[in-house]
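Dear colleague,

Please read the notes with the model open beside you.

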Amino acid sequence: MSNILRIGIPSKGRLADLAGDLLKDAGLKFRRQDRALFARVKTISDEQPEIDITFLRTDDIPVLCAEGAIDMGITGSDLVAEARIDGEPVALTERMRLGVGGCRLAICVPANSPVVGPKDLSGDRIATSFPNVTRAYLNQHGATAHIVELTGSVEVMIALGVADAIVDLVETGSTLAANNLRILDEIGKYETVLIQNPNTKHGELCDRITRRLEGVVIARSYSLLEYNIAEKNLAAAERVTPGFSSPTINKLEKSGWYAVRAMVKRGEVIGIMERLEELGAEAILETSISNCRL
(Lines give C-alpha, C1' and ligand atoms only; values in the text may rest on other atoms or scores of the structure.)
Protein backbone atom coordinates (compact mmCIF):
# COMPACT_ATOMS: atom_id res chain seq x y z
CA MET A 1 0.00 0.00 0.00
CA SER A 2 2.98 2.35 0.57
CA ASN A 3 3.46 2.53 -3.20
CA ILE A 4 0.07 4.19 -3.63
CA LEU A 5 -0.09 7.98 -3.62
CA ARG A 6 -3.24 9.15 -1.86
CA ILE A 7 -4.98 12.47 -2.46
CA GLY A 8 -7.61 13.47 0.08
CA ILE A 9 -10.61 15.53 -1.03
CA PRO A 10 -13.89 16.43 0.72
CA SER A 11 -16.46 13.64 0.65
CA LYS A 12 -19.45 15.93 0.13
CA GLY A 13 -20.54 19.50 -0.38
CA ARG A 14 -19.64 22.29 -2.75
CA LEU A 15 -15.91 21.90 -2.19
CA ALA A 16 -16.16 18.19 -3.01
CA ASP A 17 -17.57 19.04 -6.44
CA LEU A 18 -14.96 21.75 -7.04
CA ALA A 19 -12.09 19.45 -6.06
CA GLY A 20 -13.37 16.55 -8.14
CA ASP A 21 -13.84 18.71 -11.24
CA LEU A 22 -10.40 20.25 -10.83
CA LEU A 23 -8.67 16.87 -10.58
CA LYS A 24 -10.54 15.48 -13.57
CA ASP A 25 -9.73 18.56 -15.67
CA ALA A 26 -6.08 17.96 -14.74
CA GLY A 27 -6.28 14.45 -16.20
CA LEU A 28 -6.75 12.57 -12.93
CA LYS A 29 -9.78 10.57 -13.99
CA PHE A 30 -11.65 8.60 -11.35
CA ARG A 31 -15.13 7.36 -10.60
CA ARG A 32 -16.56 7.05 -7.11
CA GLN A 33 -18.82 4.06 -6.58
CA ASP A 34 -21.81 4.99 -4.40
CA ARG A 35 -20.34 6.22 -1.08
CA ALA A 36 -17.00 4.43 -1.35
CA LEU A 37 -14.09 5.90 0.63
CA PHE A 38 -11.55 5.32 -2.16
CA ALA A 39 -11.46 5.68 -5.94
CA ARG A 40 -8.56 4.58 -8.12
CA VAL A 41 -7.21 7.09 -10.64
CA LYS A 42 -6.58 5.84 -14.13
CA THR A 43 -2.83 5.42 -14.49
CA ILE A 44 -1.15 8.58 -15.79
CA SER A 45 2.19 6.82 -16.41
CA ASP A 46 3.32 3.18 -16.40
CA GLU A 47 6.42 4.25 -14.50
CA GLN A 48 4.57 6.03 -11.68
CA PRO A 49 2.89 4.64 -8.54
CA GLU A 50 -0.85 4.18 -8.51
CA ILE A 51 -3.00 7.04 -7.24
CA ASP A 52 -6.04 6.80 -4.98
CA ILE A 53 -8.55 9.54 -4.27
CA THR A 54 -9.64 9.36 -0.63
CA PHE A 55 -12.96 10.95 0.40
CA LEU A 56 -12.74 12.59 3.82
CA ARG A 57 -14.27 15.20 6.10
CA THR A 58 -12.95 18.55 4.91
CA ASP A 59 -11.66 19.60 8.33
CA ASP A 60 -9.85 16.25 8.82
CA ILE A 61 -7.75 16.62 5.68
CA PRO A 62 -5.00 18.88 7.13
CA VAL A 63 -4.37 16.57 10.12
CA LEU A 64 -4.48 13.37 8.04
CA CYS A 65 -2.06 14.89 5.52
CA ALA A 66 0.32 16.00 8.27
CA GLU A 67 0.13 12.51 9.83
CA GLY A 68 0.99 10.85 6.51
CA ALA A 69 -2.33 9.05 6.00
CA ILE A 70 -2.59 10.92 2.70
CA ASP A 71 0.17 12.46 0.61
CA MET A 72 -1.75 15.44 -0.74
CA GLY A 73 -5.07 17.07 0.00
CA ILE A 74 -7.49 19.72 -1.17
CA THR A 75 -9.08 21.74 1.63
CA GLY A 76 -9.60 25.27 2.91
CA SER A 77 -6.61 27.26 4.10
CA ASP A 78 -8.76 28.33 7.07
CA LEU A 79 -8.92 24.68 8.16
CA VAL A 80 -5.16 24.35 7.73
CA ALA A 81 -4.67 27.37 9.98
CA GLU A 82 -7.02 25.90 12.58
CA ALA A 83 -5.64 22.33 12.60
CA ARG A 84 -3.47 21.22 15.50
CA ILE A 85 -1.54 18.08 16.51
CA ASP A 86 -0.53 17.89 20.18
CA GLY A 87 -1.47 21.55 20.47
CA GLU A 88 0.91 22.63 17.71
CA PRO A 89 0.07 23.86 14.18
CA VAL A 90 0.24 21.07 11.61
CA ALA A 91 3.44 20.74 9.57
CA LEU A 92 2.35 20.89 5.93
CA THR A 93 3.57 22.24 2.62
CA GLU A 94 1.10 24.47 0.77
CA ARG A 95 1.72 23.65 -2.89
CA MET A 96 -0.68 26.11 -4.45
CA ARG A 97 -3.81 28.17 -4.04
CA LEU A 98 -6.60 26.96 -6.28
CA GLY A 99 -8.45 30.20 -6.93
CA VAL A 100 -11.82 29.05 -5.53
CA GLY A 101 -13.64 29.14 -2.22
CA GLY A 102 -12.41 32.57 -1.18
CA CYS A 103 -13.63 33.83 2.20
CA ARG A 104 -12.68 36.04 5.14
CA LEU A 105 -12.50 35.12 8.80
CA ALA A 106 -13.71 38.05 10.85
CA ILE A 107 -14.49 38.92 14.43
CA CYS A 108 -17.97 40.41 14.65
CA VAL A 109 -19.91 42.23 17.35
CA PRO A 110 -23.43 43.66 17.62
CA ALA A 111 -23.99 46.71 15.43
CA ASN A 112 -24.55 48.89 18.51
CA SER A 113 -21.65 47.46 20.54
CA PRO A 114 -19.27 50.01 22.12
CA VAL A 115 -16.30 47.72 21.32
CA VAL A 116 -13.85 49.51 19.00
CA GLY A 117 -10.80 47.23 19.10
CA PRO A 118 -9.68 43.69 19.95
CA LYS A 119 -8.41 44.69 23.41
CA ASP A 120 -11.97 45.69 24.31
CA LEU A 121 -12.93 42.00 24.04
CA SER A 122 -11.04 41.05 27.21
CA GLY A 123 -13.38 39.19 29.54
CA ASP A 124 -16.04 38.74 26.84
CA ARG A 125 -17.41 35.49 25.48
CA ILE A 126 -16.57 34.71 21.83
CA ALA A 127 -18.41 31.96 19.94
CA THR A 128 -16.53 30.35 17.06
CA SER A 129 -15.72 27.22 15.10
CA PHE A 130 -12.12 28.41 14.93
CA PRO A 131 -10.92 28.42 18.55
CA ASN A 132 -7.21 28.03 17.75
CA VAL A 133 -7.09 30.85 15.22
CA THR A 134 -9.18 33.00 17.56
CA ARG A 135 -6.85 32.41 20.54
CA ALA A 136 -3.81 33.22 18.40
CA TYR A 137 -5.48 36.45 17.26
CA LEU A 138 -6.35 37.48 20.83
CA ASN A 139 -2.82 36.69 22.01
CA GLN A 140 -1.38 38.92 19.30
CA HIS A 141 -3.50 41.79 20.58
CA GLY A 142 -2.95 41.15 24.28
CA ALA A 143 -6.58 40.26 24.92
CA THR A 144 -8.09 37.37 26.89
CA ALA A 145 -11.60 36.06 26.41
CA HIS A 146 -13.75 33.01 27.07
CA ILE A 147 -13.94 30.94 23.87
CA VAL A 148 -17.24 29.14 23.25
CA GLU A 149 -16.35 26.34 20.81
CA LEU A 150 -19.11 25.40 18.36
CA THR A 151 -19.27 23.25 15.24
CA GLY A 152 -22.30 24.79 13.57
CA SER A 153 -23.68 28.21 12.78
CA VAL A 154 -22.55 30.90 15.21
CA GLU A 155 -24.32 34.01 13.87
CA VAL A 156 -27.27 33.66 16.26
CA MET A 157 -25.20 33.06 19.40
CA ILE A 158 -25.17 36.72 20.40
CA ALA A 159 -28.96 36.93 20.07
CA LEU A 160 -29.26 33.76 22.17
CA GLY A 161 -27.13 35.28 24.90
CA VAL A 162 -24.37 32.69 24.48
CA ALA A 163 -21.69 35.15 23.36
CA ASP A 164 -20.75 38.83 23.20
CA ALA A 165 -18.91 38.42 19.88
CA ILE A 166 -18.34 35.79 17.21
CA VAL A 167 -15.51 34.75 14.92
CA ASP A 168 -16.85 33.34 11.68
CA LEU A 169 -16.32 33.11 7.94
CA VAL A 170 -17.73 36.02 5.96
CA GLU A 171 -18.47 36.08 2.25
CA THR A 172 -20.87 38.87 1.27
CA GLY A 173 -21.77 40.13 4.74
CA SER A 174 -25.50 39.72 4.14
CA THR A 175 -25.84 37.18 6.97
CA LEU A 176 -24.19 39.61 9.38
CA ALA A 177 -26.59 42.38 8.38
CA ALA A 178 -29.53 40.05 8.86
CA ASN A 179 -28.34 39.33 12.42
CA ASN A 180 -27.57 43.00 13.16
CA LEU A 181 -23.82 42.41 13.40
CA ARG A 182 -20.80 44.38 12.20
CA ILE A 183 -17.20 43.39 11.49
CA LEU A 184 -14.82 44.56 14.21
CA ASP A 185 -11.68 43.24 12.55
CA GLU A 186 -10.65 40.86 9.79
CA ILE A 187 -8.45 38.03 11.05
CA GLY A 188 -7.44 36.59 7.68
CA LYS A 189 -8.33 35.78 4.10
CA TYR A 190 -8.58 32.16 3.02
CA GLU A 191 -9.28 30.00 -0.02
CA THR A 192 -9.07 26.44 -1.21
CA VAL A 193 -5.51 25.11 -1.31
CA LEU A 194 -3.52 22.06 -2.37
CA ILE A 195 -1.45 20.77 0.54
CA GLN A 196 1.26 18.11 0.75
CA ASN A 197 2.90 16.05 3.44
CA PRO A 198 6.51 17.30 3.47
CA ASN A 199 7.81 13.77 4.08
CA THR A 200 5.92 11.99 1.30
CA LYS A 201 7.84 9.33 -0.62
CA HIS A 202 6.17 10.46 -3.83
CA GLY A 203 7.70 13.92 -4.19
CA GLU A 204 8.29 13.68 -7.93
CA LEU A 205 4.74 12.57 -8.64
CA CYS A 206 3.39 15.29 -6.31
CA ASP A 207 5.33 17.83 -8.37
CA ARG A 208 3.78 16.45 -11.54
CA ILE A 209 0.26 16.58 -10.15
CA THR A 210 0.81 20.13 -8.88
CA ARG A 211 1.98 21.20 -12.32
CA ARG A 212 -1.12 19.68 -13.90
CA LEU A 213 -3.42 21.46 -11.47
CA GLU A 214 -1.55 24.69 -11.99
CA GLY A 215 -2.27 24.48 -15.73
CA VAL A 216 -5.99 24.15 -15.06
CA VAL A 217 -6.12 26.92 -12.43
CA ILE A 218 -4.28 29.40 -14.66
CA ALA A 219 -6.43 28.47 -17.65
CA ARG A 220 -9.59 29.14 -15.68
CA SER A 221 -8.34 32.65 -14.93
CA TYR A 222 -7.67 33.60 -18.55
CA SER A 223 -9.37 33.73 -21.93
CA LEU A 224 -7.83 33.80 -25.39
CA LEU A 225 -8.73 37.00 -27.22
CA GLU A 226 -8.34 37.29 -31.00
CA TYR A 227 -8.94 40.32 -33.17
CA ASN A 228 -7.90 42.12 -36.35
CA ILE A 229 -6.39 45.60 -36.17
CA ALA A 230 -5.01 48.18 -38.58
CA GLU A 231 -1.24 48.65 -38.52
CA LYS A 232 -1.54 52.27 -37.39
CA ASN A 233 -3.34 51.13 -34.21
CA LEU A 234 -1.32 47.97 -33.60
CA ALA A 235 1.03 49.42 -30.99
CA ALA A 236 -1.86 50.86 -28.99
CA ALA A 237 -3.72 47.54 -29.17
CA GLU A 238 -0.63 45.68 -27.93
CA ARG A 239 -0.62 47.88 -24.86
CA VAL A 240 -4.23 46.88 -24.21
CA THR A 241 -3.49 43.16 -24.72
CA PRO A 242 0.18 42.54 -23.84
CA GLY A 243 -0.55 38.82 -23.36
CA PHE A 244 1.01 36.55 -20.77
CA SER A 245 4.50 37.13 -22.20
CA SER A 246 3.66 38.85 -25.48
CA PRO A 247 0.84 38.69 -28.03
CA THR A 248 1.00 36.58 -31.20
CA ILE A 249 0.81 38.81 -34.26
CA ASN A 250 0.33 37.69 -37.88
CA LYS A 251 0.02 39.80 -41.01
CA LEU A 252 -3.31 39.50 -42.86
CA GLU A 253 -3.77 39.40 -46.62
CA LYS A 254 -5.70 42.64 -46.22
CA SER A 255 -3.04 45.30 -46.71
CA GLY A 256 -2.03 47.13 -43.53
CA TRP A 257 -3.94 44.80 -41.18
CA TYR A 258 -2.79 42.30 -38.58
CA ALA A 259 -4.34 39.45 -36.62
CA VAL A 260 -3.55 39.49 -32.89
CA ARG A 261 -3.97 36.71 -30.34
CA ALA A 262 -3.35 37.20 -26.63
CA MET A 263 -4.26 35.80 -23.23
CA VAL A 264 -6.25 38.20 -21.07
CA LYS A 265 -7.67 37.89 -17.58
CA ARG A 266 -11.17 36.51 -17.84
CA GLY A 267 -12.64 39.11 -15.49
CA GLU A 268 -11.32 41.92 -17.72
CA VAL A 269 -12.46 40.59 -21.11
CA ILE A 270 -15.51 42.81 -21.62
CA GLY A 271 -13.67 46.03 -20.80
CA ILE A 272 -10.73 45.06 -23.02
CA MET A 273 -13.04 44.25 -25.93
CA GLU A 274 -14.61 47.71 -25.61
CA ARG A 275 -11.19 49.39 -25.61
CA LEU A 276 -10.14 47.41 -28.69
CA GLU A 277 -13.36 48.36 -30.46
CA GLU A 278 -12.59 52.04 -29.77
CA LEU A 279 -9.22 51.48 -31.47
CA GLY A 280 -10.96 50.15 -34.57
CA ALA A 281 -10.36 46.44 -33.96
CA GLU A 282 -12.61 44.03 -35.86
CA ALA A 283 -13.67 40.37 -35.46
CA ILE A 284 -12.94 40.39 -31.73
CA LEU A 285 -13.41 36.86 -30.41
CA GLU A 286 -13.10 35.34 -26.94
CA THR A 287 -12.19 31.67 -26.55
CA SER A 288 -12.19 29.80 -23.24
CA ILE A 289 -8.99 28.00 -22.24
CA SER A 290 -9.40 24.61 -20.56
CA ASN A 291 -5.72 23.95 -19.80
CA CYS A 292 -2.32 25.49 -20.36
CA ARG A 293 1.38 25.32 -19.49
CA LEU A 294 3.17 28.62 -19.05
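How many cavities of 30 Å³ or more does the structure hold? The structure holds 2 of them, where a cavity is a set of points on a 1 Å grid over the protein atoms alone at which a 1.4 Å probe fits but cannot get out. Please bear in mind that this is a predicted model, in which local features need pLDDT of at least 70 and side-chain atom pairs count only at pLDDT 80 or more, while totals for chains, interfaces and linings use all residues. Residues are numbered from 1 along each chain as its sequence is written, and side-chain values use heavy atoms, with hydrogens and water left out.

The largest cavity contains about 50 Å³ of space, a volume being the space filled by probe spheres set on the grid points, which are joined across faces, edges and corners. Its lining (residues with an atom within 4 Å of a point) consists of Leu15, Leu18, Ala19, Leu22, Ile74, Leu98, Val100, Thr192 and Arg220. Helix α1 (residues 14-25) gives the most to this lining, with 4 residues; helices (H or I, at least four residues) and strands (E, at least two) are DSSP runs, numbered from the N terminus.

The largest pocket (an open set of points with protein on both sides within 12 Å along at least five of seven lines) holds about 990 Å³ of space. It is lined by 34 residues, of which Asp59, Asp78, Leu79, Phe130 and Leu169 lie nearest its centre. At least two lining residues come from each of α1, α3 (77-82), α4 (131-140) and β11 (165-170).

Turning to the sheets, 6 strands form an open sheet of mixed pairing in the order β2-β3-β1-β4-β13-β7, two strands being paired if DSSP finds at least two bridges between them. β2 (38-40) and β7 (93-97) stand at its edges with a single partner strand each, so one side of each is left without a neighbour in the sheet. From one strand to the next the twist averages 25°, with axes taken as lines fitted to C-alpha atoms, for helices over the stretch in contact, and angles running from 0 to 180 degrees between N-to-C directions.

Within this sheet, β1 (residues 5-10) runs parallel to β4 over 2 bridges, and Gly8 stands opposite Gly73 in β4. Helix α1 lies across β1, β3, β4 and β13 at about 140° to β1, contact meaning heavy atoms within 4.5 Å.

A second open sheet has 4 strands in the order β15-β16-β14-β17, with antiparallel pairing. Its edge strands, β15 (248-251) and β17 (282-288), each pair on one side only. Strands β14 (residues 222-230) and β16 (residues 257-265) are joined by 9 bridges and run antiparallel, and Tyr258 in β16 is the bridge partner of Ile229. Helix α6 (residues 203-221) packs on this sheet, touching β14 and β16, with its direction at about 50° to that of β14.

With best wishes
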